[in-house]
Amino acid sequence: MIKLLLVSALVAGALGCGVPTYQPNVMRVVGGEDVQPNSWPWQVSLQYSSSGRWGHTCGGTLIAENWVMTAAHCINFSRTYRVQLGKHSLSSSEEGSLTVSVSKLVVHEGWNEQLANGNDIALVKLESSVSLSDKIQLGCLPAAGTILPNNYACYVTGWGLLKTNGVASDILQQALLPVVDYATCSRSNWWGSSVKNTMVCAGGDGVVSGCNGDSGGPLNCQADDGHWEVHGIVSFGSTLGCNYIRKPTVFTRVSNYNDWIEKVIAEN
């Protein structure tokens, strides 16, 4: 069984984290699909203002009442950000959803804007803590150092493009992406040296993957006891296309950064 990370800063008020009130439909095994509304209640939309209009740029995971975890490459310090929580359709006004301003952005000090070098992780502090509800809940983090086995079933979620060069989805999507172990993903005819052991690969069947706009969002993997843990942060895919064979979606491996996450939250 994958053990919960028992860190008070992350689990304060989080009893039952990773256990959605509205259970996701995970019976289908191929193809992306609309999610059951609010079945991934830790998923957020990170948005920034451009020419007076707000637009979705990346996904993220609510890991504390006032902290969101996302990808470092999603952050541009010259932009003004906000976070929407409890959303299903980004274009609709939905009961129970919240929009919260951002007070602080913390990017991993090892991030150098080169995706293949790793450390693609950032934390976003919300201007105010949010009240948890049936539609807004905390994501659980895996225990430090956890490595999932090859072919472990996980789900990527996001509002990204529905296909390469396609349109972004207004409805939150989910797709089954089995884990590809490091030994396989680092082969020369897969990702080779572009992937590091601080990352998680998932997918690569040439059919289903994350895509532009999914960045920063969670890779959701179910533990033996039924609760969900966020094992990955969408980092990068192939420039050849979102659904390219033997080029699985690559995620920042969350279990490599537990200490950093704890430290940032404690010091800010």
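**Figure 1. Arg 79 and Tyr 48 in the predicted model.** Arg 79 lies over the face of the Tyr 48 ring, 3.9 Å from the ring centre. The structure shown here and in the other views is a predicted model.

**Figure 2. The disulfide of Cys 17 and Cys 140.** A search of the whole structure finds four disulfides. In the one formed by Cys 17 and Cys 140, the sulfur atoms are 2.0 Å apart. The angle about the S-S bond is 115°, and the link is right-handed. Cys 17 lies in the loop between α1 (8–11) and β1 (33–34), and Cys 140 in the loop between β7 (122–126) and β8 (153–158), so the pair ties together parts that are 123 residues apart in sequence. Cys 17 and Cys 140 are buried.

**Figure 3. The disulfide of Cys 58 and Cys 74.** The sulfur atoms of Cys 58 and Cys 74 are 2.1 Å apart and form a disulfide. This link is left-handed, with -90° about the S-S bond. Because Cys 58 lies in strand β3 (residues 53–64) and Cys 74 in the loop between β4 (67–70) and β5 (81–85), the pair ties together parts that are 16 residues apart in sequence. Both cysteines, Cys 58 and Cys 74, are buried.

**Figure 4. The disulfide of Cys 185 and Cys 201.** Cys 185 is joined to Cys 201 by a disulfide, with 2.0 Å from S to S. The torsion about the S-S bond is about -85°, so the disulfide of Cys 185 and Cys 201 is left-handed. Cys 185 lies in helix α2 (residues 182–185) and Cys 201 in strand β10 (residues 199–202), so the pair ties together parts that are 16 residues apart in sequence. Cys 185 has 0% relative accessibility and counts as buried. Cys 201, at 3%, also counts as buried.

Figure 5. With its neighbours within four places in sequence left aside, Leu 123 is in contact with residues including Ile 63, Trp 67, Met 69, Leu 105, Val 106, Ile 261 and Val 264.

**Figure 6. The aromatic cluster of Trp 40, Trp 42, Tyr 155 and Trp 228.** These four residues form one aromatic cluster. A search of the whole structure finds six aromatic pairs. The rings of Trp 40 and Trp 42 have centres 6.1 Å apart and planes at 75°, so this pair is edge-to-face. Both Trp 40 and Trp 42 are buried. Tyr 155 and Trp 228 also form an edge-to-face pair, with 6.1 Å from centre to centre and 75° between the planes. This pair links distant parts of the chain, as Tyr 155 is in strand β8 and Trp 228 is in strand β12, 73 residues apart. Tyr 155 and Trp 228 are both buried.

Conventions
Residues are numbered from 1 along each chain as its sequence is written. This is a predicted model: local features need pLDDT of at least 70, side-chain atom pairs count only at pLDDT 80 or more; totals for chains, interfaces and linings use all residues. Side-chain values use heavy atoms; hydrogens and water are left out. A disulfide is a pair of cysteine sulfur atoms within 2.5 Å. Helices (H or I, at least four residues) and strands (E, at least two) are DSSP runs, numbered from the N terminus. Buried means under 20% relative accessible area, exposed over 50%, partly exposed in between (1.4 Å probe, protein chains only). Contact means heavy atoms within 4.5 Å. Rings of Phe, Tyr and Trp (its six-membered ring) pair if their centres lie within 6.5 Å; planes under 30 degrees apart count as stacked, over 60 as edge-to-face and the rest as tilted. A charge sits over a ring if NZ of Lys or CZ of Arg is within 6 Å of the ring centre and within 35 degrees of the ring normal.
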